[in-house]
Amino acid sequence: MLNLVLFGPPGAGKGTQSQNLIEKYGLVHLSTGDLLRNEIANGTALGLEAKKLMDDGKLVPDEVVIGMIKNKLSDNPEAKGFIFDGFPRTVAQAEALDNLLTSVDSQISGMIALEVEEVELEKRLLLRGKDSGRPDDANPEVIRKRINEYKSKTAPVANYYNEQGKLTTINGIGSIENIFQKISEEVDKLK
Ligand code: B4P
C-alpha cells in the first residue's frame with residue numbers, strides 16, 4: 001500500500017495537490033477538513049461542535065478526528081493506499097494513525113511537507129475566503145490563529161516522521177503544476 005501524508009500550514013496547497021495525486025495514483029483521499037465540513041453541512045452534533053472551533057481557528061479534539069479516520073479506513077478495505085490531507089495535525093494523531101495502520105499490517109510510506117511563508121499563506125486564504133464561503137478563510141484574525149495553532153501543535157508532527165526517515169520537504173511556492181511535478185517525483189520514489 002502507498003500511504004502518503006500531505007503536510008503543511010493552512011493554505012500551503014494540501015487540498016489542491018491532493019486532487020492531483022488522487023487522479024494520478026488512484027489513492028483514496030482522506031481530508032479531515034472536508035470530513036468535518038461535511039458533518040457541519042449535515043447539521044450533525046459532531047458538526048455543530050466542530051464548527052465553533054473551526055470558525056475560531058482552533059483544532060478539533062484529537063479523539064473526534066481519529067474516530068472519523070478510523071471509520072473511513074474500515075470503509076475502504078480494498079484501497080490501494082490513502083492520501084492523508086490535513087491529518088495528522090498533532091503528535092497524538094500521528095501515533096494513533098500508526099496504530100490504526102499497524103493493525104491492518106500497513107504503515108505510512110512517506111510525508112510530503114509543503115513549505116510556504118506566512119505572508120503568502122494569509123494572501124491565499126483571504127483570496128479563497130472571497131468566494132469559498134468558508135468562515136475560517138474570511139477573517140485575518142482567524143487565519144493568524146490557525147497559523148499559530150499550526151506552529152504550536154502541528155509543526156512537531158514533521159519531526160515525528162523525520163525521526164522515522166519519512167519526511168520530504170518541498171517548496172510550495174510556484175505554479176500548482178510545477179509543485180505537483182516535484183511531489184510526483186518524490187512519490188514515485190516511494191512506490
Ligand atoms: P483544512 O480543511 O485541512 O484546511 P487548510 O489547512 O486551510 O488547507 P487546505 O487544504 O484547505 O488549503 P490549500 O492549502 O489546498 O482544515 C480546516 C480546519 O479544520 C482547521 O483549521 C481545523 O479547525 C479543522 N481540522 C481539520 N483537520 C483537523 C485535524 N486533523 N485535527 C484537528 N482539527 C482539524 O489551499 C489554500 C488556497 O491556496 C486555495 O485557494 C488554493 O487554490 C490556493 N493555492 C494552493 N496552491 C497554490 C499555489 N501553488 N499558488 C497559489 N495559490 C495556491
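Here are some friendly questions and answers about this predicted model.

Q: How do you know that the radius of gyration of the protein chain agrees with that of a compact globule?
A: A compact globule with 191 residues would have a radius of gyration near 16 Å, and the protein chain has 16 Å, so the two agree. Along the principal axes, the C-alpha atoms fill a box of roughly 40 × 40 × 30 Å.

Q: What makes a residue of the protein chain count as buried, and what percentage do?
A: A residue is buried if 20 or more other C-beta atoms lie within 10 Å of its own. Of the 191 residues, 35% count as buried.

Q: What makes up the largest nonpolar core, and which residues have the most contacts inside it?
A: This core has 41 residues, and Val-5, Ile-83, Phe-84 and Ile-112 have the most contacts inside it.

Q: What makes up the shell around the ligand, by class?
A: There are 11 nonpolar, eight polar and seven charged residues. Of the 26 residues around the ligand, Gly-13, Gly-15, Thr-32, Gly-33 and Gly-86 come nearest. The elements giving two or more residues to this shell are α1 (14-25), α2 (32-41), α3 (45-55), α6 (118-132) and α10 (176-190).

Q: How many helices and strands are there in the protein chain?
A: The chain has 10 helices and five strands.

Terms used. Residues numbered from 1 in each chain as written. Predicted model: local features only at pLDDT ≥ 70, side-chain atom pairs only at ≥ 80, totals over all residues. Core = buried A, V, L, I, M, F, W, Y, C linked by C-beta atoms within 7 Å. Buried ≥ 20, exposed ≤ 12 C-beta atoms within 10 Å, placed from the backbone. Near = placed C-beta within 6 Å. Helix = DSSP H or I, 4+ residues; strand = E, 2+ residues; numbered from the N terminus. Nonpolar A, V, L, I, M, F, W, Y, C, P; charged D, E, K, R; others polar. Rg over C-alpha atoms; globule rule 2.2 N^0.38 Å.
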